[in-house]
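Subject: Structure for you to look at

Hi,

Here is the structure I promised. Please open it first, then read my notes below.

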Amino acid sequence: MTYEAYETNLQLGIQWPAAQADVALIRQNIKHNDCYVLEIDGVIQATVSHLRYKTLDFITDLPFVMWFAVDPAN
């Protein structure tokens, strides 16, 4: 679902990490961040991650949301 959600970015040449994530990067994201999914009838429809550690303090002190994707079929 994530690959499909970011397909347009790849077509436009936007190199977004979530669009090219392999299993190792996905596992790293799950291990180090707060990850959520929206599931309807047992099928994941959307996902979002919240950066758990303040590694972006040099940019902002606000919560950082990443890897947001919604199934484009819905």
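What share of the residues in the protein is buried (under 20% relative accessible area, 1.4 Å probe, protein chains only)? Buried residues make up 20% of the 74 residues.

A word on the source. This is a predicted model: local features need pLDDT of at least 70, side-chain atom pairs count only at pLDDT 80 or more, and totals for chains, interfaces and linings use all residues. Residues are numbered from 1 along each chain as its sequence is written, and side-chain values use heavy atoms, leaving out hydrogens and water.

Now the fold. The protein has three helices and three strands. They are DSSP runs: H or I, at least four residues, for helices, and E, at least two, for strands, numbered from the N terminus. The order from the N terminus is α-α-α-β-β-β. The C-alpha trace spans about 35 × 30 × 25 Å along its principal axes.

Next, the surface. Its accessible area is about 5600 Å² (Shrake-Rupley method, 1.4 Å probe). Carbon and sulfur atoms hold 61% of that.

Tyr3, Ile26 and Ile30 form a nonpolar patch with about 280 Å² of accessible area together. Nonpolar side chains are joined within 5 Å, like charges within 9 Å. Ile26 sits in helix H3, residues 23–32. Ile26 counts as partly exposed because its relative accessibility is 32%, and that class runs between the buried limit and exposed, which is over 50%.

Best wishes

How values were computed: Patches are made of residues with over 30% relative accessible area and no salt bridge: like charges are joined within 9 Å, nonpolar side chains (Val, Leu, Ile, Met, Phe, Trp, Tyr) within 5 Å. A salt bridge is a side-chain nitrogen of Lys or Arg within 4 Å of a carboxyl oxygen of Asp or Glu.
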